[in-house]
Amino acid sequence: KFYGRIKGKAILQGLEKAYEIDQVKVHLYGKETVSKGRKMGHMTVVDEKIEDGLEKVRKAHSFLQFRS
């Protein structure tokens, strides 16, 4: 999710909560500015069942927000 001006300094919120979920990894690309639609990173998860993995990564994603 992106909140703020059209373009600005990238401020990530919620990373600590995302990392509390077992087996979820957040990979950030190190970009210093954010704009709507710009890919800032991705997440991976390892789990026995794809459904469980999807649930975990969706929950982690819900915590993450970029602000400018």
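Q: What covers the buried residues of α2?
A: In this predicted model, the cover includes α1 (15-19), β4 (24-28) and β6 (41-45).

Q: And which residues of α2 are buried?
A: G53, V57 and A60 are buried in α2. They sit on the same side of the helix, because they cover an arc of only 60° around its axis.

Q: Which residues are exposed on the other side of α2?
A: E51, E55 and R58 are exposed there.

Q: How many residues does α2 have, and how far does it reach?
A: Helix α2 covers residues 50-63, which makes 14 residues. From its first C-alpha to its last it reaches 20 Å, close to the 20 Å expected at 1.5 Å a residue.

Q: Let's look at residues in α2. Where is F63, and how accessible is it?
A: F63 is found in helix α2. Its relative accessibility is 24%, so F63 counts as partly exposed.

Q: What does F63 touch, leaving out residues up to four places away in sequence?
A: With those left out, F63 touches Q13, G14, K17, A18 and I21.

Q: How far is F63 from A18, in sequence and in space?
A: F63 and A18 are 45 residues apart in sequence. In space they are 6.1 Å apart, C-alpha to C-alpha.

Q: Is I50 buried or exposed?
A: I50, which also lies in helix α2, is exposed, with a relative accessible area of 61%.

Q: How far is I50 from G37?
A: Their C-alpha atoms are separated by 27 Å. Along the chain, I50 and G37 are 13 residues apart.

Q: Changing topic: where does Q23 lie?
A: Q23 lies in the loop between α1 and β4. Its relative accessible area is 36%, so Q23 is partly exposed.

Q: What about G30, where is it found?
A: G30 is found in the loop between β4 and β5 (33-35).

Q: Buried or exposed?
A: G30 counts as exposed, because its relative accessibility is 63% and the cut-off for exposed is over 50%.

Q: OK, the whole chain now. How many helices and strands does it have?
A: The chain comes to two helices and seven strands. From the N terminus on, the elements run β-β-β-α-β-β-β-α-β.

Q: What size of box do the C-alpha atoms fill?
A: The box is roughly 40 × 15 × 15 Å, taken along the principal axes.

Q: How much of the chain counts as buried?
A: Of its 68 residues, 22% count as buried.

Q: What's the accessible surface?
A: The accessible surface of the chain is about 5,100 Å². Carbon and sulfur atoms account for 52% of that surface.

Q: What share of the contacts comes from residues 24 or more positions apart?
A: Such residues account for 57% of the contacts in the chain with a separation of 6 or more.

Q: Last one: how many positive and negative side chains are there?
A: There are 15 positive and 9 negative side chains. The centres of the two sets lie 13 Å apart.

Definitions and conventions. Residues are numbered from 1 along each chain as its sequence is written. This is a predicted model: local features need pLDDT of at least 70, side-chain atom pairs count only at pLDDT 80 or more; totals for chains, interfaces and linings use all residues. Side-chain values use heavy atoms; hydrogens and water are left out. Helices (H or I, at least four residues) and strands (E, at least two) are DSSP runs, numbered from the N terminus. The expected span of a helix is 1.5 Å times one less than its number of residues. Buried means under 20% relative accessible area, exposed over 50%, partly exposed in between (1.4 Å probe, protein chains only). The arc is that of the directions from the helix axis to the C-beta atoms. Contact means heavy atoms within 4.5 Å. Accessible areas come from the Shrake-Rupley method with a 1.4 Å probe; for residues, only the protein chains shown count as cover. Lys and Arg count as positive and Asp and Glu as negative; His and the chain ends are not counted. The place of a charge is taken as NZ of Lys, CZ of Arg, CG of Asp or CD of Glu.
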